[in-house]
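I opened this entry to look up a few residues and their surroundings. My notes follow the model below.

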Amino acid sequence: MTITDKIFVDLNAATMGGSNLPYGMVEDAAIVVRDGVIDWVGPRIDLPDTYKALTTNSLGGRIVTPGLIDCHTHIVHGGDRAVEFEMRLNGASYEEVARAGGGIVSTVKATRSATEAELLAVALPRIDALIAEGVTSIEIKSGYGLDTQTELRMLRVARSIGARRPIRVKTTFLGAHATPAEYAGKDDTYINDVCIPALRAAHAEGLVDAVDGFCEGIAFQPEQIARVFDVAQELGLPVKLHAEQLSNIGGAKLAAQYGALSADHIEYLDEEGVIAMAQAGTVAVILPGAFYTLRETQAPPIDLLRKHGVPMALATDINPGSSPLNSLLLTLNMGCTLFRMTPEEALRGATQHAAHALGVTDAGSIAKGMYADLAVWDIKHPAELAYRIGFNPLYMRIFGGTS
């Protein structure tokens, strides 16, 4: 027996597992943790005698869910774009903002000029805000360096966050995010001479868990993304893709062809793309923060995703431009209010399906063999997590069995 062996009792467990009951709910449950891993979960009355010598921790009848997972973020970056936000609201056009040094160019400039220590210092408060909402796992992308040195710096900071905070970090290389100013009009040259070499360097340093790209008319075409994905496959790295956010140029189908973990945004996704994702087992990552901030009107095809059984994840998309959203709880509400997802779909989207979108198999539900990453809530029903706006009912966050 180790110090981390314990039993949590006096709780109702929304396991988000395969039960036919809503939320995979187990009333009056017990959760046994050994060495930071769930060893047993079920009705307390069925608790095997072999566990009864373990330390018991009462949770006062509260609801316990898996720890939340934010599976799409750009949380490491320099600077902010509050001034251009104000400019747009005062009537400035995109072109006027760009001429004033705004847009992604400003974030790239600020990120390139920041040291690792500076990037870490500004990222940690954002991480702490998520931790305070019960988040136990997060994905962090590069993509605001667009040169080898800065892309690696961002990924090192992401790894550093996981060493400095009680949170699991999965890193994603996003060198194919945009073409930097010094390569304007030379997208293919940038992919060949910067993006792919930077990916290889990041992989050699052990900094990459997955590879992403932005497949869009204002970013990269499918054939350009395919070259990056070919290298990812060569390196044994899974892929995911920003796809069909502003138009439909076949990004989701491309992602499915590569067996992508996820296709993200997907507001303009059609049924053909949905079917391709269903056949490939690709998760749809819904990002209401960008939809809201950009004042989009084309909503993702939630009904088609349901029809074809495509799992839906929800994430903040934290970034300084299109989604300065630092609350996964608010994201749950937005998924329901803006897109008519159900509260159960929203919670599964930030637990079970978010884990699948990251290729994680040992988190996202409360079941034997899963990490004991849990969130304990002062609520009467799990739907409250998506229902309330601007209110955090977290009572306790448990990471690896430790609160």
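The model is predicted: local features need pLDDT of at least 70, side-chain atom pairs count only at pLDDT 80 or more, and totals for chains, interfaces and linings use all residues. Residues are numbered from 1 along each chain as its sequence is written, and side-chain values use heavy atoms, with hydrogens and water left out.

Is M341 buried or exposed? It counts as buried, at 4% relative accessibility (buried is under 20% relative accessible area, with a 1.4 Å probe and protein chains only). I then listed contacts (heavy atoms within 4.5 Å), not counting residues up to four places away in sequence. M341 touches I286, I302, R306, M312, L314, G335, C336 and A346.

Next I checked the UniProt record. Its unreviewed entry places a "binding site" at Y144, N319 and G321; such annotations may be inferred rather than shown by experiment. These positions span 178 residues in sequence, yet no two of their C-alpha atoms are more than 11.4 Å apart, so they gather at one spot.

I took N319 next. N319 lies in the loop between β12 (312-314) and α12. It is buried, with a relative accessible area of 5%. Beyond its sequence neighbours up to four places away, N319 touches H74, H77, Y144 and P324.

G321 lies in the loop between β12 and α12. G321 is buried too, at 13%. Leaving aside neighbours within four places, I found G321 in contact with R81, R88 and T293.

Key. Buried means under 20% relative accessible area, exposed over 50%, partly exposed in between (1.4 Å probe, protein chains only). Helices (H or I, at least four residues) and strands (E, at least two) are DSSP runs, numbered from the N terminus.
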